[in-house]
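Please read the following note with the sequence and the model at hand. The points are numbered so that each may be checked in turn.

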Amino acid sequence: MARRVLVLEDESSIRGFIVINLTRAGYEVIESETGEEALEKLKENPDIRVALLDIMLPGIDGFEVCRRIRATNTRIGIIMLTARSQEMDKVTGLMTGADDYVTKPFSPAELTARVDALFRRAGGAAPEQVGEIFQEPFLLNTRNRTLAKNGQRVKLTQVEYSIMKMFMENPGKALSREEILDMVWGRDYFGELKIVDVNIRRLRLKIEDNAQNPTYINTVWGYGYKWGF
Ligand code: CA
């Protein structure tokens, strides 16, 4: 399988730094300087598994690129490149469908670890067993990696799917945020716990009848989350 990654960054020095390090780590890197160009290249290379998107760009910004990618592609892993001062932007990025973010400046090790983690999840992993998990009103198909609610397809990102699968395999069990981070992002992932909350917030918007008053994904205060009753 092609280890193909897209990098969207208008600053050539940062882009060069990313390209060198990901190439060293064994990736084939496709570069773009603008959002429009990135969307073109994704169309030409549908086997790109992970995209790194800068936010501040000439033309359409990284959030808009993320939104447009997600409108048609839920499989690709998306990492936003944020500046240290853009705390809110991280959350906005994740709400528009990104899976992760890296704060500039970042080390080669951090960058590679994040891309590796997403790459594995975005199709690099071994095929899963055929099967379905049914918990009214949800039907999770672990072969297609799809979710339906009352027979209606719910579009999920790969991270959201992994969270749903974890919940549906552990009904009624209180899971700490650390456990969730381990199970969904992997033990070698060194991101922040906040990413769990942001993804669950987004997942609630998709699967709950009323995200303000969730009944499926329940908060266990000071600890984590619990699926169901
Ligand atoms: Ca920029």
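Which exposed residues does the face of helix 2 turned away from its buried side carry?

1. Basis of the note. This is a predicted model, in which local features need pLDDT of at least 70 and side-chain atom pairs count only at pLDDT 80 or more, while totals for chains, interfaces and linings use all residues. Residues are numbered from 1 along each chain as its sequence is written, and side-chain values use heavy atoms, with hydrogens and water left out.

2. The two sides of helix 2. The exposed residues on the face turned away from the buried side are Lys-43 and Glu-44. Buried here stands for under 20% relative accessible area, exposed for over 50%, and partly exposed for values in between (1.4 Å probe, protein chains only). In helix 2 (residues 35–44), the buried residues are Gly-35, Ala-38, Leu-39 and Leu-42. Because they cover an arc of only 100° around the axis, they lie on the same side of helix 2. The arc is taken from the directions from the helix axis to the C-beta atoms.

3. Neighbours of helix 2. Its buried residues pack against strand 1 (4–8), strand 2 (28–32) and helix 3 (62–72). Contact requires heavy atoms within 4.5 Å. Helices (H or I, at least four residues) and strands (E, at least two) are DSSP runs, numbered from the N terminus.

4. Helices 7 and 8. Helix 7 (residues 177–185) packs with helix 8 (residues 194–207) at an angle of about 80°, and their axes are 9 Å apart. Helix 7 is therefore roughly perpendicular to helix 8, a term used for angles of 65 to 115 degrees. On helix 7 the contact is made by Arg-177, Ile-180, Leu-181 and Trp-185; among the residues of helix 8 that take part are Lys-194, Ile-195 and Val-196.

5. Aromatic pairs. There are 6 aromatic pairs, counted where ring centres of Phe, Tyr and Trp (its six-membered ring) lie within 6.5 Å; planes under 30 degrees apart are stacked, over 60 edge-to-face, and the rest tilted. The ring centres of Phe-17 and Phe-106 are 6.0 Å apart with planes at 50°, so this pair is tilted. Phe-17 belongs to helix 1 (residues 12–24) and Phe-106 to the loop between strand 5 (100–104) and helix 5 (108–124), 89 residues apart. Phe-17 is partly exposed, at 30% relative accessibility, whereas Phe-106 is buried at 9%.

6. A further pair. Tyr-27 and Phe-119 pair edge-to-face, at 5.4 Å centre to centre and 70° between the planes. Both Tyr-27 and Phe-119 are buried.

How values were computed
Axes are lines fitted to C-alpha atoms, for helices over the stretch in contact, and angles run from 0 to 180 degrees between N-to-C directions. Angles under 35 degrees count as roughly parallel, over 145 as roughly antiparallel, 65 to 115 as roughly perpendicular and the rest as oblique.
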